[in-house]
Amino acid sequence: MKIALLGYGKMGKIIEKIAHDRKHEIVLKIDYNNLDELTTQNLQKADVAIEFSTPSTVLGNIESCFKAGVPIVVGTTGWHHEIEQIKEQCEYHKAAFIYATNFSVGVNVFFHVNKILAKLMNNYPYYDVQVEEIHHTQKLDSPSGTAITIAEGILDNLDAKKDWKNVVISDDKADDDTIAADELLIESLRIENVPGTHTVIYDSEIDTIEFKHTAHNRNGFALGAVLAAEWIADKKGFYSVEDMFDFNS
Ligand SMILES: NC(=O)C1=CN([C@@H]2O[C@H](COP(=O)(O)OP(=O)(O)OC[C@H]3O[C@@H](n4cnc5c(N)ncnc54)[C@H](O)[C@@H]3O)[C@@H](O)[C@H]2O)C=CC1
Ligand SMILES: O=C(O)C1=N[C@H](C(=O)O)C[C@H](O)C1
């Protein structure tokens, strides 16, 4: 398969290696230094594009792929409030699109079990719940996309929580740590070189239940993105990674 990489930073470079290992060819690599090469003609040399850029550039890149008729895998986070308008654009262009806040298999298992756990915890209202995420200091968005997906999984299944609220912890100080009983706290910490750690914490006076995913490196995210590219290449339509893994069947 011929792949275009839109974003050639930490993730783009690992995706390139895994794509080569799986016998794919990289026909276009776009980063901040060669944006002039992001043309319809160049995009159309690829069977599929994989987008890991920045929250402020991802929407333009999605639109370019839709217009060029190239299926696109989107891993960039920090833009998901725009998801409905992307879905409409995808349908309008009869395009192919798949996205995930986290492409790793382990995290997608975690997402699934998180929902089951939240439903179960309705029976034990003396536990309060919060989410904690830790990432490297270059990360542009807070909370992480993964933490938002985890929070949405809890809000959809645990009656006590109605909305999430993010608190960024820096130098042991929180920016605004007031939280209502029906709000789900997402704490964000930034620590040098952490690829991504997410914990769901149910705490009571008696004990604490912690459900945690720790990424040891970025290989799982990158492999998942290449698997998504293989999956979407011959499809049309708007998909999320849940459609690819389908743990319910
Ligand atoms: N969904 C998932 O599984 C994962 C998502 N991510 C997300 O992927 C994104 C990228 O992460 P990293 O590679 O760590 O960031 P990075 O900062 O290392 O790389 C971003 C790259 O985008 C390039 N870029 C800037 N403007 C661009 C444009 N207009 N078009 C194309 N590329 C452009 C930059 O030059 C840079 O090479 C972030 O939003 C991050 O949160 C990261 C890991 C896993
Ligand atoms: O920026 C990152 O590095 C990561 N971003 C994603 C997110 O925001 O959840 C996925 C992963 O945690 C790494």
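**Loops, sheet and ligand shells of a predicted model**

User: Asn193 is found in the loop between strand S9 (183–190) and strand S10 (197–203). What makes Asn193 count as exposed?

Analyst: Happy to set that out! This is a predicted model in which local features need pLDDT of at least 70 and side-chain atom pairs count only at pLDDT 80 or more, while totals for chains, interfaces and linings use all residues. Residues are numbered from 1 along each chain as its sequence is written, and chains are lettered from A and ligands numbered from 1 in the order in which they are written. Asn193 has 8 C-beta neighbours inside 10 Å, so it counts as exposed (12 or fewer; 20 or more is buried, in between is partly exposed, with C-beta atoms placed from the backbone). Phi of Asn193 is near 70 degrees, a positive value in a residue other than glycine.

User: Why is Lys23 called exposed?

Analyst: The count around Lys23 is 7 C-beta neighbours inside 10 Å, which means that it counts as exposed. Lys23 lies in the loop between H1 and S2, and although not a glycine, it has a positive phi of about 70 degrees.

User: Why is Ile206 given the label exposed?

Analyst: Ile206 has 7 other C-beta atoms within 10 Å, so the label is exposed. Ile206 sits in the loop between S10 and strand S11 (208–214). Tyr127 is 79 residues away from Ile206 in sequence, but the two are 9.2 Å apart in space, C-alpha to C-alpha.

User: How do you know that the protein is as compact as a globular protein of its length?

Analyst: Start with the inventory: eight helices and twelve strands (DSSP runs, H or I of at least four residues and E of at least two, numbered from the N terminus). The radius of gyration is 19 Å, close to the 18 Å that the globule rule gives for 249 residues, so the protein is as compact as a globular protein of that length. That rule is 2.2 Å times the number of residues to the power 0.38, and the radius is taken over C-alpha atoms. Of the 249 residues, 39% count as buried.

User: What makes strands S1 and S3 a pair?

Analyst: Pairing needs at least two DSSP bridges, and strand S1 (residues 2–6) and strand S3 (residues 48–51) have four, in the parallel sense. One of the contacts joins Ala4 to its bridge partner Ala49 in S3. Both strands belong to an open sheet of six, ordered S2-S1-S3-S4-S5-S12, with parallel pairing. Its edge strands, S2 (25–30) and S12 (237–240), each pair on one side only.

User: How do you know which residue in the shell around ligand 2 is charged?

Analyst: Residues in a shell have a C-beta atom, placed from the backbone, within 6 Å of the ligand. Around ligand 2 these are Thr77, Thr101, Asn102, His135, Lys139, Ser144, Gly145, Thr146, Gly196 and Phe221. The classes come to one nonpolar, eight polar and one charged. Asp, Glu, Lys and Arg count as charged; Ala, Val, Leu, Ile, Met, Phe, Trp, Tyr, Cys and Pro as nonpolar; the others, Gly among them, as polar. Lys139 is therefore the charged residue.

User: What makes up the shell around ligand 1?

Analyst: That shell divides into ten nonpolar, 13 polar and two charged residues. Of its 25 residues, Gly9, Met11, Tyr32, Thr57 and Gly75 come nearest. Helix H1 (residues 10–21) gives the largest share, three residues.
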